[in-house]
Amino acid sequence: QSAFDIALENRIITDDEYEEYFGRRRYSKKQIKNIEKKYIEKDRKKFVSKKADNKTLDKVYRIFIDHMTSYSDKDIEEQVENEIKKLKRKAKQGNDFAKAKLKEFDKNDYMKHPNNRRLTINDYNYLKKERQLSDKEIEEHFFFSMPKRFKYYAFRKKLKQEFGENYEEIIKTIPGFFKEKKKDYFNFAKQEGIGFAIKNNCNQIVGIQIRRRTKSNTGLRYVWFSSSFAEMDDEKFEYGTGSGSPVDVVIPEKIKYPTIGITEGKFKALKMAKEYNIIALSVQGVSSWRGALKELRNLENNLQVTRQYGKPFKAMYVAMAFDADMNCNIQVYEQLKNFSDELEKNGYKTLYLNWDEELGKGIDDLINNGNKKYIQKYEKFQFDKKYEQMNIDKNMLRKYYDYFFKEKSQDYCVK
């Protein structure tokens, strides 16, 4: 576990790889050899990545989203009819929710909505109603329903037009794609869920993340569009590429304040940017903060940011808004403290945003629930001092747990 923790902290492995390998807990000799082989090779090459440059990633991912997820009129009509049948069946069984939904269901509304070419009706409704995203946000951030593999031909055809006969050399360097040795054929990592673009400060798509419809065996809801698994099984696959953990940059239409919000997750960053008219960065896993420093520096020289702010942009504050369970999670706090230490060394004044977990787990939940007025702001030295005292109390409770809380769980005691 210690080896994996060190590897994760130094970004030798991604959060997904940590979950995938450490989550198994047991390894065959073959798996150990493959993992060892991979990282010896990485060390030999001094960690030089074979991943494509940002310009190429952006071009390929845009083609993938546009040509793999383009539903025809027939597909859309079929989806609508299936949804109506399902609602009618449930309504007939006495389901009041289905009755109400059927009454308000507007077939024409879905048929004409601007994102029906990329999203199934259920995924579109989830983004609109539960996540409260606008059509413009859905469009600009490339939300799409993960496609079936039979659509790969259209994507391959377009790639050939763009890159010529050499297109397979490009695919080898794109996370999410791999070659099956038995079929001698390139394919992409199959996932069920909603995909969305991870974009850098230049509006380039540098990665794709997926919100799975169901959690993985390791409890993950969000996963990368990655093919790092192919590197671990060189008997079946070749040319797999890991995604890394690129930082997502959300720039609002109008930037009002010289503050940058930093959070974990696309939906939270979108909500912060829209609600406060600030630039928001999303790190994909709290241990992935090192990439955010680079994006922070790049934003100050960004022409789009200068234009939308009305003058050269210099961040005065960095506001960190991570889930409320940070209050009880020392590992999360320690990563954030490392991050905030580095931010202050680089001249960024840091604020912690904190709130009661009952008001909303993430900052997006908090805002959607109408509770943003309950956010407490702490300067770094204040919050660090409070957390240090809380950790002393927590260790004391653990020490005397057997005496005071025999009938309760240890987690309950600590909380």
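The structure described here is a predicted model.

Strand β12 (residues 349–354) and β13 run antiparallel and are joined by four bridges. Within this pairing, Y352 has Y378 of β13 as its bridge partner.

**The three-stranded sheet**

Another open sheet has three strands, in the order β3-β2-β7, and its pairing is antiparallel. Its edge strands are β3 (185–188) and β7 (237–238), each of which pairs on one side only. Strand β2 (residues 177–180) pairs with β7 in the antiparallel sense over two bridges. E180 has F237, in β7, as its bridge partner. Helix α10 (residues 152–163) lies across β2 and β3 and runs at about 110° to β3.

In sheets of either kind, strands pair through backbone hydrogen bonds, parallel or antiparallel.

**Helix pairs**

| Helix pair | Angle | Axis distance |
|---|---|---|
| α13 (residues 290–299) and α15 | about 30° | 10 Å |
| α4 (residues 54–68) and α10 | roughly 140° | within 9 Å |

The angle of about 30° between α13 and α15 makes α13 roughly parallel to α15. Their crossing is right-handed. On the α13 side the contact is made by A292, L293 and L296, and on the α15 side by F339, E342 and L343. By class, this contact of α13 with α15 has five nonpolar residues, no polar residues and one charged residue.

For the other pair, the axes of α4 and α10 cross at roughly 140°. Helices α4 and α10 are therefore oblique to each other. The crossing of α4 and α10 is right-handed. Helix α4 contributes K59, V60, I63, F64, H67 and M68 to the contact, while α10 contributes Y152, A154, F155, K158, L159, E162 and F163. The residues of the contact between α4 and α10 divide into nine nonpolar, one polar and three charged.

**Salt bridges**

Side chains of opposite charge can pair when their charged atoms come close. A search of the whole structure finds 25 salt bridges. One of them joins D364 to R131, with the closest N and O atoms 2.9 Å apart. This pair links distant parts of the chain, the two residues being 233 residues apart. D364 is in helix α16 (residues 363–368), whereas R131 is in the loop between α8 (121–130) and α9 (135–140).

Technical notes
Residues numbered from 1 in each chain as written. Predicted model: local features only at pLDDT ≥ 70, side-chain atom pairs only at ≥ 80, totals over all residues. Heavy atoms only, no water. Pairing = 2+ DSSP bridges. Contact = heavy atoms within 4.5 Å. Axes fitted to C-alpha atoms, helices over the stretch in contact; angles between N-to-C directions. Parallel < 35°, antiparallel > 145°, perpendicular 65-115°, else oblique. Left-handed = near helix turned anticlockwise from the far one by under 90°. Nonpolar A, V, L, I, M, F, W, Y, C, P; charged D, E, K, R; others polar. Salt bridge = Lys/Arg side-chain N within 4 Å of Asp/Glu carboxyl O.
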